[in-house]
Amino acid sequence: MSEHQENVTMTFFATCPKGNEELLAAEIANLGGQASKSTVAGIYFQGSLEAAYRACLWSRLANRIVLCLAQEEGIERPAALQEVAKRIDWTRHLAPGATLAVDFHGQSEHIRHTRFGAQTVKDGVVDALRDAGQERPQVELRQPDLRLFVHLHRGRLTLGVDLAGTSLHQRGYRRDPGHAPLKENLAAALLVRADWPARAKRGEPLIDPLCGSGTLVIEAGLMAADIAPNLNRERFGLLGWAGHDESLWRELKREAEARASIGRRRIKSTLYGVDQSPQALSAAKSNAMRAGIPALIDFRGGAVAQLSRPENCAGPGLMITNPPYGERIGELPELVPLYADLGERVRREFPGWTLALFTGNPELGHRTGLRARKQYAFKNGALDCKLLMIDIPVIEVPESSTSESLKPQTQENDKDTSKPEFVSRHSEGAQMFANRLEKNRKRLKKWLKKSGESCYRLYDADMPEYALAVDVYGDRVHVQEYAPPKSVNVVQAQRRLMDALGVIPQVLEVRPDHIYLKQRERQTGKTQYQKRDSSGERFQVREGKALLWVNLRDYLDTGLFLDHRPVRRMIAEMAAGKRFLNLFCYTGTATVQAVLGSKEGGASDSVSVDLSNTYLEWARDNLALNRIDPSRHRVVREDCFHWLQTAGSEFDLIFLDPPTFSNSKKMEESLDIQRDHGRLLDLAMARLAPGGTLVFSNNQRRFKLDDGVLERYAVEDISARTFDPDFQRRPNLHHCFLIRHREDP
């Protein structure tokens, strides 16, 4: 390269996250480059070497700055790709003995793997160097002296030297990333969209109330203090490039260091990072220290619900934050009140401010109760996200308002002190849902007091618009959302779910983290056995005499079928002195009730059969929890069909509660209860002792007992008697029969 190469106009390619191309073009222009073409996740620009070096030091938005050596069309085959690489004079770019790595992106009809593409380019480089009489370079993938960037899409090839070396979003300060952090250049893009650079010049304050590991406030601090984001970065790709201009680079670094020194002293803005997690705050402080700006940010502990404006922040300011989005449905119960609290605190404490709310779930954004004046689309990894720009209104109190109207109400002037305060904050539909929950609680109150039950169904799609089942387990709540039919608008269904999650904590006086949400849909094949989570979070509940383990988080079902409570109670009353068999025993709850029994006593011995190791372990835990002797009450892992065909024992009381459908690979054949119940009942009745009773239950809504069963056995349909008051609205939720051998005439 010429000693005056910094003044030569070259072509560069700057990459960035999708959606940031426009912002990057403006930034590159400010750094001395001129954008010539925009593409997906990047821009081409013209400029001097100085402009490229400045971009490496100062770009807050780019991932890589690539010096373009070749741009070709119609590249489809490996030979053409290799030939392009071979035509370049690599002696100008790769010093003798230097190591090399090739990053290949894209594909063609004939080049389908990135590794093959990278190998092809490397072969072209080696051919060129060999022809020039230079030794073959060694490949070093982690920290090469020279990293090449290659992009091939629809036959268009870009090949060049990666002057960054590794992605520029890796500033080097974030070694403690915390939970699901933003990438640094995405955080910077959000700040640019929120007009933070101009706000910082005016001296406005900035607050992130959910700062996590501090990425947003640290990037804001670097901007406000005029500190180059990559000033402290140790490695750049340009340092191993044969054309590197060291004197130019040293000059630009000295300039950046001088600006940083001045900027730290002249910064006008105060920055605050707030989080309720001590671990997150510790990580944020360490990151700020490595970024060189620990004194510029005031990190504080605190929850959103207690958020208040700092004392020295009198004028307008910017609140910018990236709350969790609830990528998994089970996370939503805690997030709905979080967003609602954020909206309430911002309205109360920050009038006149601007809230820049970044979320991957705009419906959660609506829970703030605030209207966005503008929205910007972003990508956070693979997630489609939006930055909601919200102006917080200044609410003026009319002069006619008396001081009495501003006082909190007391019980003397608040006649209905039991009415929840949330009603005015929520939609009309949410209020109707809340009223229905209250109505159902009142209806069940006497029964619950008399029965002593702590686990019950409070709501089951009573209002078609709110297609949920709400079950109470002591001080916790299990919410199941029924998957809406295709005719229902998905957005409206999501909004109603958010409505429900917004009022449940207040109506039921339960902590949001004690609400567990799942989506209920028809389960087939393996899905009915799959875990939803692996928290291992379980707790004990009481049902009659029994203590039982339930897990509201990890599985679709909880370990306790609430609608079968009367059936288990009946089994306990029937089991005194009996030999008890529990087929498809699930978590063994019916076995526990049978063994504990009633006043007359419980089962003398029992066998519980199931094919699932998970459920059988759960059943053993339930038996142990109630101090039941495992030598007399056995748990057996076996396909129930096969076990019945080979067992030789007789039982006085059998409980048969099979799934509606199963095609588990562990079973010898699939099970469809409507199709197969006749054969299954015959096998079970063969094990039933004379005078014994088989309790047959299933949850097939349209189940119809075969006429042959009615002819062969004495059958009594007791379904109507097996619903407690909390399930009487859904009389087809299960079917239950008492089946006995017919007495000989």
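Colleague: In what order do the seven strands of the open sheet that contains S11 and S14 lie, and what is the pairing?

Modeller: Strands are DSSP runs of E with at least two residues, helices are runs of H or I with at least four, and both are numbered from the N terminus; two strands pair if DSSP finds at least two bridges between them. In this predicted model, the open sheet has the order S11-S10-S9-S12-S13-S15-S14, with mixed pairing. Residues are numbered from 1 along each chain as its sequence is written. The model is predicted, with local features needing pLDDT of at least 70 and side-chain atom pairs counting only at pLDDT 80 or more, while totals for chains, interfaces and linings use all residues, and side-chain values use heavy atoms, leaving out hydrogens and water.

Colleague: Which are the edge strands of that sheet?

Modeller: They are S11 (297-301) and S14 (374-380), each of which pairs on one side only, and from one strand to the next the twist averages 20°.

Colleague: How many bridges pair strand S13 with strand S15, and in what sense?

Modeller: Six bridges pair S13 (residues 354-359) with S15 (residues 383-391) in the antiparallel sense, and leucine 355 stands opposite isoleucine 390 in S15.

Colleague: Which strands does helix H5 lie across?

Modeller: Contact means heavy atoms within 4.5 Å, and axes are lines fitted to C-alpha atoms, for helices over the stretch in contact, with angles from 0 to 180 degrees between N-to-C directions. Helix H5 (residues 184-193) lies across S9 (206-208), S12 (318-321), S13, S14 and S15, and runs at about 170° to S14.

Colleague: What describes two packed helices?

Modeller: The general idea is that two packed helices are described by the angle between their axes and the distance between the axes. Here, helix H3 (residues 78-87) and helix H4 (residues 114-131) pack at about 40°, and their axes are 7 Å apart. That makes H3 oblique to H4, where angles under 35 degrees count as roughly parallel, over 145 as roughly antiparallel, 65 to 115 as roughly perpendicular and the rest as oblique.

Colleague: Which residues of H3 meet H4?

Modeller: Pro78, Leu81, Gln82, Ala85 and Lys86 in H3 do so, and the residues they meet in H4 include Phe116, Thr120 and Asp131.
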